[in-house]
Amino acid sequence: MTVPSPVAPPSRDAAGSARPALPGLPDSIELVEVGLRDGLQAVTRPVPTAEKVAIVEGLINAGFRTIEAVSFAHPKVLPQLADAEAVMAAVPRPPDVTYRGLVPNLRGAHRAVACGLDEWVLVVSADEEVSVRNQRRTVEQMLTELPGVAALARESGVRLIVAVACAFFAPARGPVPRQEYLRVVDAAVDTGVDALYLACTTGQEHPGEVAERVGEVRRRHPAVRVGVHLHNRNGFAAANAIAAMQAGAAWLEGSFCGLGGDLWFPGDPSVLGNAPMEDLIHLCDALGVRTGISLPDYLDVARLAEQLTGVPTTAFVARGGSRHDLATAQWSETV
């Protein structure tokens, strides 16, 4: 019987840094934390402004350099995020930290102008029904509004990122046709956006779809940075993260504790939501893909978020521990 060879651990360069163990992985990847926006918008218990700022401080201490901190949705729609101006007035301003905020439309962008953000994110769904239900606008209406938001961003010295929601799969429908997601991608690029990302909005996307569409956008628009926003309903977030990195994604997005995300349809709360950032950091560490983020320090932030929201984490590494935790554990005398 032939015994398969074990997978080799990451090799190390002269400086002792681990190199990726799987083919096609980058040496490093940017991780973008969206828990303060996409995570907290799904939590019914409002988190006070001062505590949000404490989370930001913890994220920066852990090594994050891009943080999606606020949303400028109407306060009546998302009262959990109504304090966007107060949050941005109180956060620390290290020169190497980039703050993002979601602007749902041109009105929200005008509200964001005075807040000192580095980047705005405008969400445009590739799926018509999701666009109407979530933003009360058709896809065409969102694309018509896009040039105005882009012009205001340029006038304000802010970079604009378009998030292509339902770039792969849509609820109550299934796979989104290629021409529909490319319609949004091409319009964003033609408008002159600084970057865009493809969103795994439903959590039912699989690695083949992610690799194919990230690769297609990069070939079609090689000058544009492309990221991926990850959800985890089907448990494929880690596999999708690997596929995205192999396809050349510039960044990956997740949320502390897996908060937020896909809440439209019923399901066990432990699988609904964004990819837990704890697990994305742990995955990249294991594969030798540098992130610049300290997992132990980040776990402290995630524990704080658990305390403030009352929502338990869905992250495997937070619940099951890391390889280091298990390797250094001591046998119990009762075992």
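User: What makes α9 oblique to α10?

Analyst: Helix α9 (residues 237–246) and helix α10 (residues 277–287) pack at about 55°, with their axes 10 Å apart. Those axes are lines fitted to C-alpha atoms over the stretch in contact, and angles run from 0 to 180 degrees between N-to-C directions. Under 35 degrees counts as roughly parallel, over 145 as roughly antiparallel, 65 to 115 as roughly perpendicular, and the rest as oblique. The angle of about 55° falls in "the rest", so α9 is oblique to α10. One heads-up: this is a predicted model, where local features need pLDDT of at least 70 and side-chain atom pairs count only at pLDDT 80 or more, while totals for chains, interfaces and linings use all residues. Numbering starts from 1 along each chain as its sequence is written, and side-chain values use heavy atoms, leaving out hydrogens and water.

User: And what counts as a helix here?

Analyst: It's a DSSP run of H or I with at least four residues, while a strand is a run of E with at least two; both are numbered from the N terminus.

User: Which residues make the contact between α9 and α10?

Analyst: A238, A241, I242 and M245 come from α9, and L280, L283, C284 and L287 from α10. Contact just means heavy atoms within 4.5 Å. By class, you get 8 nonpolar, no polar and no charged residues. Ala, Val, Leu, Ile, Met, Phe, Trp, Tyr, Cys and Pro count as nonpolar, Asp, Glu, Lys and Arg as charged, and the others, Gly among them, as polar.

User: What makes the pair E253 and H229 a polar contact?

Analyst: Their side chains are joined at 2.8 Å. A polar contact is a pair of N or O atoms within 3.5 Å; within protein, one must be able to donate a hydrogen and the other to accept it, and residues adjacent in sequence count only if both atoms are side-chain atoms.

User: Why does D38 count as buried?

Analyst: D38 has 6% relative accessibility, and that's what puts it in the buried class. D38 is in helix α1 (residues 35–39). Its side chain makes polar contacts with Q41 at 3.3 Å and N274 at 3.2 Å.

User: And why does A69 count as buried?

Analyst: A69, in strand β2 (residues 66–71), comes in at 4% relative accessibility, so A69 counts as buried. A69 touches L36, R37, M88, Y99 and R100, leaving aside residues up to four places away in sequence.

How values were computed. Buried < 20%, exposed > 50% of the residue type's maximum accessible area, 1.4 Å probe, protein only.
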